[in-house]
Amino acid sequence: MCTGRGCLATLHHVPSLFRRKPADLVDESVTSVTTDEASAAARPRGYTPSKKELGQVTPKRPVAGRRLSAPSRPLTKEEAREQRRAARAEAATEFRREGGPRDRGPEKLLARNVVDSRRTVGTWFFGGALIVLVGSNQAMPPIVRLISNVLWGALALGVVVDSVLISRKINKLMRERFPKSDQKLGSLYLYAIMRSITFRRMRAPAPQVNIGDKI
């Protein structure tokens with residue numbers, strides 16, 4: 001045990017930790033408050049932070065929903081007319097190739113192939129009707145009018161006979177290939193007959209078989 005001045009010097013070098021107050025130790029253990037935390041503490045109780053403060057980004061509207069900008073230069077009359085003409089030509093080509101809603105279905109395709117695979121009297125019907133119309137004029141000689149009337153009767157009879165043969169052929173093939181089909185045969189016969197009296201080059205959809213092909 002030391003006494004006197006030596007002990008006083010030893011006590012003077014004792015770490016200052018033992019001489020600190022408890023309040024100083026508590027102050028060192030508390031972390032410093034940041035600026036954001038201080039501002040948050042200063043806000044009122046009912047304050048709602050914005051998306052920007054929370055770090056959320058508001059998504060942009062999709063471009064697809066926006067209206068397209070108008071063309072920089074309006075079309076002239078000639079350009080608009082040419083555009084409409086091109087659109088009509090494209091629609092006509094598509095109709096000629098694929099037909100319309102009434103031409104869809106395997107039964108309609110069968111009826112078209114039956115008609116397109118044979119020569120029909122109906123293709124001469126409109127041409128003969130024009131000749132009959134001119135020849136039956138009262139200004140024509142009696143012999144010409146007689147021939148015109150005979151020609152008209154022959155064309156009408158030929159169309160009837162041809163229509164019966166086409167209908168029988170379609171009926172036979174429908175029973176063989178589509179026995180469970182709900183397609184009405186009456187409407188199918190009429191569809192085939194109307195096609196048979198149309199010029200081959202004007203039929204739509206375009207024929208897919210040649211004359212004389214076996215169906």
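**Exercise 1. Burial and surface**

Task: State what share of the 215 residues in the protein chain is buried, then describe the accessible surface.

Solution. 
- Step 1. Buried residues account for 20% of the 215 residues in this predicted model.
- Step 2. The accessible surface of the protein chain is about 17,600 Å².
- Step 3. Carbon and sulfur atoms hold 61% of that surface.

**Exercise 2. Elements and contact range**

Task: Count the helices and strands of the protein chain. Then find what percentage of contacts between residues at least 6 apart in sequence join residues at least 24 apart.

Solution. 
- Step 1. The protein chain has 9 helices and 0 strands.
- Step 2. Read from the N terminus, the order of elements is α-α-α-α-α-α-α-α-α.
- Step 3. Take the contacts between residues at least 6 apart in sequence: 69% of them link residues at least 24 apart.

**Exercise 3. The largest nonpolar core**

Task: List the residues of the largest nonpolar core and name the elements that give two or more residues to it.

Solution. 
- Step 1. The core has 11 residues: L110, A111, V114, V115, I166, I170, L173, M174, L188, Y191 and A192.
- Step 2. Two or more of these residues come from each of α6 (106–116), α8 (142–177) and α9 (185–196).
- Step 3. In soluble globular proteins, nonpolar side chains tend to be buried together.
- Step 4. Now take one core member, M174. Setting aside neighbours within four places in sequence, M174 touches E107, L110, P179, S181, Q183, L185 and L188.

**Exercise 4. D162**

Task: Locate D162. Is D162 buried or exposed? Which residues does D162 contact, leaving aside neighbours within four places in sequence?

Solution. 
- Step 1. D162 lies in helix α8.
- Step 2. The relative accessible area of D162 is 7%. The cut-off for buried is under 20%, so D162 is buried.
- Step 3. Beyond neighbours within four places in sequence, D162 contacts R118, R119, T120, V121 and G122.
- Step 4. For a sequence-to-space comparison, pair D162 with S196. They are 34 residues apart in sequence, with a C-alpha to C-alpha distance of 8.7 Å.

Notes
Residues numbered from 1 in each chain as written. Predicted model: local features only at pLDDT ≥ 70, side-chain atom pairs only at ≥ 80, totals over all residues. Heavy atoms only, no water. Core = buried A, V, L, I, M, F, W, Y, C linked by side-chain atoms within 4.5 Å. Buried < 20%, exposed > 50% of the residue type's maximum accessible area, 1.4 Å probe, protein only. Helix = DSSP H or I, 4+ residues; strand = E, 2+ residues; numbered from the N terminus. Contact = heavy atoms within 4.5 Å. Areas by Shrake-Rupley, 256 points an atom, 1.4 Å probe, with all protein chains shown as cover.
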